[in-house]
Amino acid sequence: MTQTVPSGDNTLLLDAVPMRKIGRVERFLGPENYRIMQGMLKTPASISGLVLVLLFVLIAIFAPVIIPSVGSDPYSIPRDGFKSDPQPMGTAWKRNAPDIPFWYTPLTGNEKWVHLLGTSEGQYDIFYGIIWGTRNAFYAGIIVTVSTLLLGVVYGSIAAYYGGWVDMVLMRIVDVLSILPSVLAALILAAILTPVIGKSTLPVMIALIAFGWMGYTRYIRADILSVRERDYVLAARVVGVPDGRILFRHILPNAIFPTLILASMGIGDVVLSFAGLSFLGIGVEIGYADWGQLLSFARNWITSLNTYWYIIVWPGITLVLFVMGWNLIGDALRDVLDPRMRGKM
């Protein structure tokens with residue numbers, strides 16, 4: 001977009017109206033997206049969140065380079081024997097060792113694989129489980145969050161837009177489903193589905209989706225109830241615009257920001273819930289690359305953590321950092337997109 005510089009008698013406008021130069025990045029992204037980007041890069045907390053999430057994204061993408069997979073299923077953690085006692089960090093890898101990647105020998109000085117972070121009960125390599133478990137965390141977190149967000153937004157939008165008996169019936173269903181805590185309800189449903197579907201990520205994901213959309217429904221409903229009475233919505237109704245177009249073209253874009261903020265924080269919560277169910281033995285098979293299952297291998301060694309501290313510290317720190325990164329991003333988005341919500345979530 002070309003800026004017109006005042007000339008002749010209009011040169012006084014230069015003093016009265018300051019001309020702001022628009023950079024290439026702002027021109028490419030657009031003013032609103034550029035404002036969001038600036039807000040996300042303004043505070044140390046938001047930058048820390050972006051760095052953490054970017055680090056996990058890189059780990060997930062380059063997992064085959066960091067530690068090559070063993071066998072046909074890359075998400076099956078290779079076992080170095082069948083001893084019950086965990087082995088300490090730096091123990092030589094004797095069986096089912098992965099191929100040596102290019103970075104390994106220059107950084108570690110070893111010609112052969114060692115268990116960098118030790119092994120858990122049953123000789124499952126902790127480093128392999130953490131690296132490949134990152135992919136599983138993104139897979140479960142994004143699919144469950146997007147699915148629950150879509151269900152909640154569509155359901156809540158219909159209830160709020162039509163109101164009356166439609167709103168009453170739909171929200172009473174939400175109230176009934178909200179009686180049980182979502183994690184407990186998901187635990188019950190996943191336990192029922194696992195024998196039917198088989199041990200995999202699918203039963204847990206279905207259970208988390210089935211009981212995870214009600215929060216989004218309440219948020220979007222509350223915002224739509226205020227937006228639907230505004231003048232531009234009433235004008236659209238008067239001229240005969242279809243309900244679907246009014247709802248999805250005029251109301252939702254102006255009401256969805258708080259719900260999107262909640263969803264950005266929800267990815268970390270989903271991964272935490274997924275890990276909790278996996279810790280309890282629900283869902284994935286034993287030996288699957290999942291952070292919750294790595295933590296479950298430490299249950300029999302709680303009284304000996306002064307010796308076997310590494311079996312719970314490394315998976316625990318990984319899970320905490322992943323959830324913290326998404327929460328920091330959610331806080332930053334809240335401040336940028338809707339400053340009125342600052343300090344309320």
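I started at Phe62, which sits in the loop between H4 and helix H5 (63-66); helices are DSSP runs of H or I, at least four residues, and strands are runs of E, at least two, numbered from the N terminus.

The model is predicted: local features need pLDDT of at least 70, side-chain atom pairs count only at pLDDT 80 or more, and totals for chains, interfaces and linings use all residues. Residues are numbered from 1 along each chain as its sequence is written, and side-chain values use heavy atoms, with hydrogens and water left out.

I looked up the exposure of Phe62. Phe62 is partly exposed, at 42% relative accessible area (buried is under 20%, exposed over 50%, partly exposed in between; 1.4 Å probe, protein chains only).

Next I checked H4. Its 18 residues should span 26 Å at 1.5 Å a residue, and the end C-alpha atoms are 26 Å apart, which agrees (expected span is 1.5 Å times one less than the number of residues).

Which residues of H4 are buried? I noted Ser46, Gly49, Leu52, Val53, Phe56, Ile59 and Ala60. They cover an arc of only 155° around the axis, so they lie on the same side of H4 (the arc is that of the directions from the helix axis to the C-beta atoms).

Last, the whole chain. I noted 16 helices and two strands. Of its 345 residues, 44% count as buried.
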